[in-house]
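Please keep the sequence and the structure in view while reading.

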Amino acid sequence: MQHPDFELYDNVGRTAEQIHAYHTRSATTDDLYRWAKRDAEGFRAQHPLPGNPLPVPDLDPYLTALAAAETPAEFSAVTNALLDAAEPLLNAVVDYLAAAAQWRRQNRGAAPGSPPKLLRDAASRIKTAVAMAADADLQILRAHYDPPPDLDALTKQARAAHDTPPAPPPPVQQPGPGGPRR
């Protein structure tokens, strides 16, 4: 080794991705985004996109209400209010991801793990996350308002009913000769 110090400190300040990219002679994520930004300059000039992130909703009222919620009904009120408020934005993101998955019909016959399938799965998972939150809320309400029956109590009732003899049937009256006929 001619320069042992150089070999030891050659990777100082580099990320694992940069080191891997150097050894595999591949581009880093930053390289790919930098090149794409450069190559899309003309397109971005023709189609200006907002530079700022989408506005983040103020969650303070929801978090404050959640901290104050003491019953399942109050918890449900807060959770459903948040889900209802977030639904339009989430639906817009889902719609965009679904359109991106179909961009230039690359989704036709796309293999699992391919970009169109990943975009479609991302859209689906957003919907799934919202459905899971709604399901969690429903489970909390069901546990509070409609709990499952106590199996031990049902078993004890069944045993008690089994141990006591059944009540005798009521006497059957036979129609007599002068009784009404149908």
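Leu59, Leu63, Leu66 and Leu82 make a nonpolar surface patch of about 310 Å². Patches consist of residues with over 30% relative accessible area and no salt bridge; like charges are joined within 9 Å, and nonpolar side chains (Val, Leu, Ile, Met, Phe, Trp, Tyr) within 5 Å. Accessible areas come from the Shrake-Rupley method with a 1.4 Å probe, and for residues only the protein chains shown count as cover.

Leu59 is placed in the loop between helix 4 (41–46) and helix 5 (60–68). Helices are DSSP runs (H or I, at least four residues), numbered from the N terminus. Leu59 is partly exposed, with a relative accessible area of 36%; buried means under 20%, exposed over 50%, and partly exposed in between (1.4 Å probe, protein chains only).

## Basis of the model

The model is predicted: local features need pLDDT of at least 70, side-chain atom pairs count only at pLDDT 80 or more, and totals for chains, interfaces and linings use all residues. Residues are numbered from 1 along each chain as its sequence is written, and side-chain values use heavy atoms, with hydrogens and water left out.

## Helix 6 and helix 7

The axes of helix 6 (residues 72–101) and helix 7 (residues 115–145) come within 9 Å and cross at roughly 165 degrees. Axes are lines fitted to C-alpha atoms, for helices over the stretch in contact, and angles run from 0 to 180 degrees between N-to-C directions. Helix 6 and helix 7 are therefore roughly antiparallel to each other, a term for angles over 145 degrees.

Ala134 lies in helix 7 and is partly exposed, with a relative accessible area of 33%. The C-alpha atoms of Ala134 and Leu83 are separated by 7.9 Å, although these residues are 51 residues apart along the chain.

## Salt bridges

Side chains of opposite charge can pair when their charged atoms come close. A salt bridge is a side-chain nitrogen of Lys or Arg within 4 Å of a carboxyl oxygen of Asp or Glu. By this rule there are 4 salt bridges.

One of them joins Asp31 and Arg34 (2.9 Å, N to O). Both residues lie in helix 3 (residues 29–39), 3 residues apart, about one turn of the helix. Asp31 counts as buried at 18% relative accessibility, whereas Arg34 is partly exposed at 48%. Another salt bridge links Arg142 with Asp146, the closest N and O atoms being 3.3 Å apart.

Technical notes. Helix = DSSP H or I, 4+ residues; strand = E, 2+ residues; numbered from the N terminus. Parallel < 35°, antiparallel > 145°, perpendicular 65-115°, else oblique.
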